[in-house]
Amino acid sequence: MTLQETAAVLVDSLDRTFVECSAIGFQSVVTSVLALACYAIYQRHRGPYFLTWAVAWSVYVVRLACMSTFLVRRDMLWLFFHQAATGISALLLLAAALQLSRGFRLRPIHALVVPLSVLWAWLTIYGMGSMMVAGITTAVLLSGVTISTGIVFWRARARVPSRSAATVLAVVFVLWGLHHLDYPLLRGFGAAVLYGVFADVLFLFAIGLSLLFLVLGGERERLAARSAELEQLTRLMLRVQEDERRRIARELHDEAGQILTAVKIELELDGRQEAGALVGRALNQVRDLSNLLRPAALDDLGLLDSLRALTDDFSARTRIQVALDLEDATRRLPPDLEVVIYRVIQEALTNVARHARATDVDVRLITDEREVRITVEDNGRGIDADTSPHMGWLGMRERITALGGQLAIGSGHTHGVRLDAQIPLGEAS
């Protein structure tokens, strides 16, 4: 071989090594980002498997660095380090999958993975006489561990926060494990290295996205659990509030009402008519307050008579005409649902009196086998687009959603405000 030919081969080898090292460097960057992301997630959520993933991907970066150094220096020592890091990272990935799926806990004895991986690397690099045999042994072992990781994810699909993410992780790790079997055949020092790096980067991207969806699935589960707890707390608070209102209303009606009635009678018998009239006014206010807290008719006569009394009193106080339609509400409902219906209509009428400047209000209550529908519509000035919900609206919404219903407030047919509520009877019962 001439000097020019030797120089050309050397230049071609150097160019190839530069390209291969550049590709492995890009893979190292991707893997480093994945390791940092897993560690950041661990800092936020404290899932031990994310810390194990972070360590595994960090060791994987060391593996890639050793491979790059070997390609440049052709020193078998760096290939030995590469083999050791490969075994450690693969076993750590399997451990993380077991932690996520089965609650596996790492113990001090599991640190034996490091010396065992070093021993395995020494056997494959220095102990075996044939590099082909060493490569096949390495590929089979690495492929088996990686495929086992995929199988763990597949079996744990129903137990992890995101079934779809676990499925994707299972498929990716199985395909990655099959890809490892090409080491003895394609991982020479030619273009196959670029192919291997390209495939590995694709697998890493898929794993990173799957881990992201896994985190989102966990957040969604926690949010759903928190929402359920808040709904249960809201329902309990509303029930306690109604019980407290009932108790205070009874005390006002029975205790304070009787005392004021006795005082009024005594004053009138003594001829002190003006003082008796003042006590009578106080007595009426106490009765109105008692009825506002908890109408006695709701417990004694039922929902329909209570609504008639409510609308009659509302019209007398505000001079706003109320058209009450109860023809489709002949069915007796659970007590908790009757309280919610009464409070929603009461709050809606209060809002009409305070804000609507209306002259007429239509109230309709419909019940069937599936749900209860409430409609309150006025002919007032309507609602502004930038109006923010106030406490009354929020209270109505909480009462209705606590029973599994829906509330909508918008513009009515006559430029006023229309309230529509639907409550399923199954939830209320």
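Buried means under 20% relative accessible area, exposed means over 50%, and partly exposed covers what falls in between. Keep that handy for the tour. What you have open is a predicted model.

**Stop 1**

Select Asp305 and Arg308. They form a salt bridge, with the closest N and O atoms 3.0 Å apart. Both residues sit in helix α11 (residues 303-318), three residues apart, or about one turn of the helix. Arg308 has 38% relative accessibility, so it counts as partly exposed. Asp305 is partly exposed too, with a relative accessible area of 34%.

As background, side chains of opposite charge can pair when their charged atoms come close. Across the structure there are 10 salt bridges, so let's look at a few others.

**Stop 1: a salt bridge between strands**

Now pick Asp325 and Arg364. Their closest N and O atoms are 3.4 Å apart, and the two form a salt bridge. Asp325 belongs to strand β1 (residues 321-325) and Arg364 to strand β2 (residues 360-367), so this pair ties together parts that are 39 residues apart in sequence. On accessibility, Asp325 comes in at 25% and counts as partly exposed. Arg364, with a relative accessible area of 37%, is also partly exposed.

**Stop 3**

Select Asp368, Glu371 and Arg373 together: they are linked in a network of salt bridges. Zoom in on Glu371 and Arg373, where the closest N and O atoms are 3.1 Å apart. Glu371 is partly exposed at 21% relative accessibility, and Arg373 is partly exposed at 27%.

**Stop 2: the largest nonpolar core**

Time to go inside. In soluble globular proteins, nonpolar side chains tend to be buried together. Here, the largest nonpolar core has 58 residues, and the ones with the most contacts inside it are Trp53, Trp57, Phe153, Trp176, Ile207 and Leu211. Color these helices to see who contributes: α1 (3-45), α2 (48-73), α3 (76-102), α4 (113-127), α5 (131-155), α6 (163-180) and α8 (192-269) each supply at least two residues of this core. Helix α3 gives the largest share, 13 residues.

What does Phe153 touch, once you leave aside its neighbours within four places in sequence? Show Trp53, Ala97, Leu100, Ala166, Leu169, Ala170 and Phe173, which are its contacts. Apart from this core lies another one, of 37 residues, including Leu310, Phe314, Ile341 and Ala348.

**Stop 5**

Gly47 is in the loop between α1 and α2. Buried or exposed, would you say, for glycine 47? At 6% relative accessibility, it counts as buried. Draw a C-alpha to C-alpha distance from Gly47 to Leu100: it reads 8.4 Å, although the two are 53 residues apart in sequence.

Next, click Ser101, in helix α3. This serine is buried, with a relative accessible area of 8%. A polar atom of the Ser101 side chain lies 2.9 Å from the backbone oxygen of Ala97. Leaving aside neighbours within four places in sequence, Ser101 is in contact with Val152, Ala156 and Arg159.

**Stop 3: a buried leucine in a strand**

Move on to Leu419, which lies in strand β5 (residues 417-424). Its relative accessible area is 5%, so Leu419 is buried. Show its surroundings: beyond neighbours within four places in sequence, Leu419 is in contact with Val344, Ala348, Ile374, Thr375, Val376, Met396, Leu407, Ala408 and Ile409. Leu407 is 12 residues away along the chain, and the C-alpha atoms of Leu419 and Leu407 are separated by 7.4 Å.

**Stop 4**

Helices α3 and α4 are the elements that give two or more residues to the patch. Which element supplies the largest share of the nonpolar patch? That would be α4, with five residues.

With 39% relative accessibility, Leu123 counts as partly exposed.

How values were computed: Residues are numbered from 1 along each chain as its sequence is written. This is a predicted model: local features need pLDDT of at least 70, side-chain atom pairs count only at pLDDT 80 or more; totals for chains, interfaces and linings use all residues. Side-chain values use heavy atoms; hydrogens and water are left out. A nonpolar core is a set of buried Ala, Val, Leu, Ile, Met, Phe, Trp, Tyr and Cys residues joined through side-chain atoms within 4.5 Å. Buried means under 20% relative accessible area, exposed over 50%, partly exposed in between (1.4 Å probe, protein chains only). Helices (H or I, at least four residues) and strands (E, at least two) are DSSP runs, numbered from the N terminus. Contact means heavy atoms within 4.5 Å. A salt bridge is a side-chain nitrogen of Lys or Arg within 4 Å of a carboxyl oxygen of Asp or Glu. A polar contact is a pair of N or O atoms within 3.5 Å; within protein, one must be able to donate a hydrogen and the other to accept it, and residues adjacent in sequence count only if both atoms are side-chain atoms.
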